[in-house]
Amino acid sequence: MKPLILVLNGPNLNMLGTREPGQYGHETLADLGQRCAVAAQTHGLEIEFRQTNHEGELIDWIHAARARCAGILINPGAWTHTSVAIRDALVASELPVIEVHLSNVHKREPFRHVSFVSSIAVGVICGLGSQGYRMALSYFGELFKEQAA
């Protein structure tokens, strides 16, 4: 059975492709999901790719992941800078977490420089567009290959 990675996307990421294309590009969320599915398969993983604009729903997904997933790849969107509840849910999952952002948050407004997730994540990837998601999935693939050896 392949390790299952929960790929979570926070608020407004459903608007990819139309929202600030200069910042986020023209790729849609569906395009991103397809690229992640291919990358997961390449690295011996299964994924569940989800997006929500509702914080409680994201937290429920994180709670459920504890019993059935091997890791979480998360782009919390704006909740990166505001949600202690998401941070606490990620800690409670006891799963490895990788935080990903399409844009380089450190080149943006100062409030985006603070992340409640980074300190509990295995790693953080920002500014590389959708390639960041594929890099995170590559990391998870290698991690679980090493653990199986």
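Predicted model: local features only at pLDDT ≥ 70, side-chain atom pairs only at ≥ 80, totals over all residues.
Mentor: Residues are numbered from 1 along each chain as its sequence is written, and side-chain values use heavy atoms, with hydrogens and water left out.

Trainee: Why is C36 called buried?

Mentor: Buried means under 20% relative accessible area, exposed means over 50%, and partly exposed lies in between (1.4 Å probe, protein chains only). C36 has 0% relative accessibility, so C36 counts as buried.

Trainee: Why is C126 called partly exposed?

Mentor: Its relative accessible area is 23%, and therefore C126 is partly exposed.

Trainee: How do you know that C36 is in no disulfide?

Mentor: A disulfide is a pair of cysteine sulfur atoms within 2.5 Å, and the cysteine sulfur nearest to that of C36, which belongs to C69, is 14 Å away. For C126, which is also in no disulfide, the nearest cysteine sulfur is that of C36, at 17 Å, and the structure as a whole holds zero disulfides.

Trainee: What makes E46 and K2 a salt bridge?

Mentor: The term requires a side-chain nitrogen of Lys or Arg within 4 Å of a carboxyl oxygen of Asp or Glu, and the N to O distance between the side chains of E46 and K2 is 4.0 Å. E46 lies in strand β2 (residues 46-51) and K2 in the segment before β1, so the pair ties together parts that are 44 residues apart in sequence. Helices (H or I, at least four residues) and strands (E, at least two) are DSSP runs, numbered from the N terminus.

Trainee: Why are K145 and E142 separated by about one helical turn?

Mentor: They are three residues apart in helix α5, which means a separation of about one helical turn; their side chains meet in a salt bridge at 3.3 Å, N to O.

Trainee: Why is E94 called exposed?

Mentor: E94 has a relative accessible area of 62%, so it is exposed, whereas its salt-bridge partner R66, with an N to O distance of 3.4 Å, counts as partly exposed because its relative accessibility is 46%.

Trainee: Which residues have the most contacts inside the largest nonpolar core?

Mentor: A nonpolar core is a set of buried Ala, Val, Leu, Ile, Met, Phe, Trp, Tyr and Cys residues joined through side-chain atoms within 4.5 Å. The largest has 24 residues, and those with the most contacts inside it are I5, L73, Y133, L137 and F140.
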